[in-house]
Amino acid sequence: MLVCLETVTAELNDKHNVDIIYLDLAKALDEVPHQRLLSKLQAHGIAGLVGNWIKSWLSGRWQRVCLEGTFSSWRRVWSRVPQGSVLGPVLFLIFINALDNGISTNVLKFADDTKVYRVVDNRLDGTQLQNDLDSLGDWAVQWQMKFNVEKCKVVHYGKRSIEFEYSLY
């Protein structure tokens, strides 16, 4: 948060405009496919005893829902990073670590909160930010994640902001 604040403040002091887009990954921790997460862990060198422990911790999970005292049937869980643990957010960050590979816009990630921001003084800057959003959308499709477009927000900062319109998908 402080990195973004410092950067935006410096750009505004230099008379630039900055657009920030707050992204929301739909059901972020609930949608992480276990096999894809495990492949990313292995690519990061997390294997052996630790890798096997994480695999065991993720697999073999079942869940059911209780509504007004009535329970659904038990269902096997094939995706989802268990919430309420210290390990959950760390595993999720490892899973989305490559989200910003190949884009030029600033990206900050904290658990399931992501923001992208850059100077947008003209249409070319706005187009570049849109291209980077398109790349983020492509990443989401590739890794079986979805952005909740209804919860994604754009904030335009600057006295001469062109208020470029962005879209996800």
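Which residues in helix 2 and helix 4 meet? Arg36, Leu37, Lys40 and Leu41 in helix 2 meet Leu91, Ile94 and Phe95 in helix 4, where contact means heavy atoms within 4.5 Å. By class, this contact of helix 2 with helix 4 has 5 nonpolar, no polar and 2 charged residues. Ala, Val, Leu, Ile, Met, Phe, Trp, Tyr, Cys and Pro count as nonpolar, Asp, Glu, Lys and Arg as charged, and the others, Gly among them, as polar.

The model is predicted: local features need pLDDT of at least 70, side-chain atom pairs count only at pLDDT 80 or more, and totals for chains, interfaces and linings use all residues. Residues are numbered from 1 along each chain as its sequence is written, and side-chain values use heavy atoms, with hydrogens and water left out.

**Overall layout**

The protein chain has 5 helices and 8 strands, in the sequence pattern α-β-α-α-β-β-β-β-α-β-β-α-β. Helices (H or I, at least four residues) and strands (E, at least two) are DSSP runs, numbered from the N terminus. The C-alpha trace spans about 55 × 45 × 25 Å along its principal axes.

**Helix packing**

Axes are lines fitted to C-alpha atoms, for helices over the stretch in contact, and angles run from 0 to 180 degrees between N-to-C directions.

| Helix pair | Axis distance | Angle |
|---|---|---|
| Helix 2 and helix 4 | 9 Å apart | about 80° |
| Helix 2 and helix 3 | within 11 Å | roughly 165° |
| Helix 3 and helix 4 | within 13 Å | roughly 110° |

Angles under 35 degrees count as roughly parallel, over 145 as roughly antiparallel, 65 to 115 as roughly perpendicular and the rest as oblique. Helix 2 and helix 4 are therefore roughly perpendicular. Helix 2 and helix 3 are therefore roughly antiparallel.

On the helix 2 side, His34, Leu37, Leu38 and Leu41 meet Ile54, Lys55 and Leu58 of helix 3. That contact divides into 5 nonpolar, 1 polar and 1 charged residues.

Helix 3 (residues 48–58) and helix 4 (residues 87–96) cross at roughly 110°, and are therefore roughly perpendicular. Trp53, Ile54 and Trp57 of helix 3 make this contact with Leu87, Gly88 and Leu91 of helix 4. It holds 5 nonpolar, 1 polar and no charged residues.

**Largest pocket**

On a 1 Å grid over the protein atoms alone, a pocket is an open set of points where a 1.4 Å probe fits, with protein on both sides within 12 Å along at least five of seven lines; lining residues have an atom within 4 Å of a point. The largest pocket has a volume of about 160 Å³, a volume being the space filled by probe spheres set on the points. Its lining includes Gln35, Leu38, Leu41, Ile54 and Lys55. Helix 2 (34–43) and helix 3 are the elements that give two or more residues to this lining, and helix 3 gives the most, with 5 residues. By class, the lining has 5 nonpolar, 5 polar and 1 charged residues.
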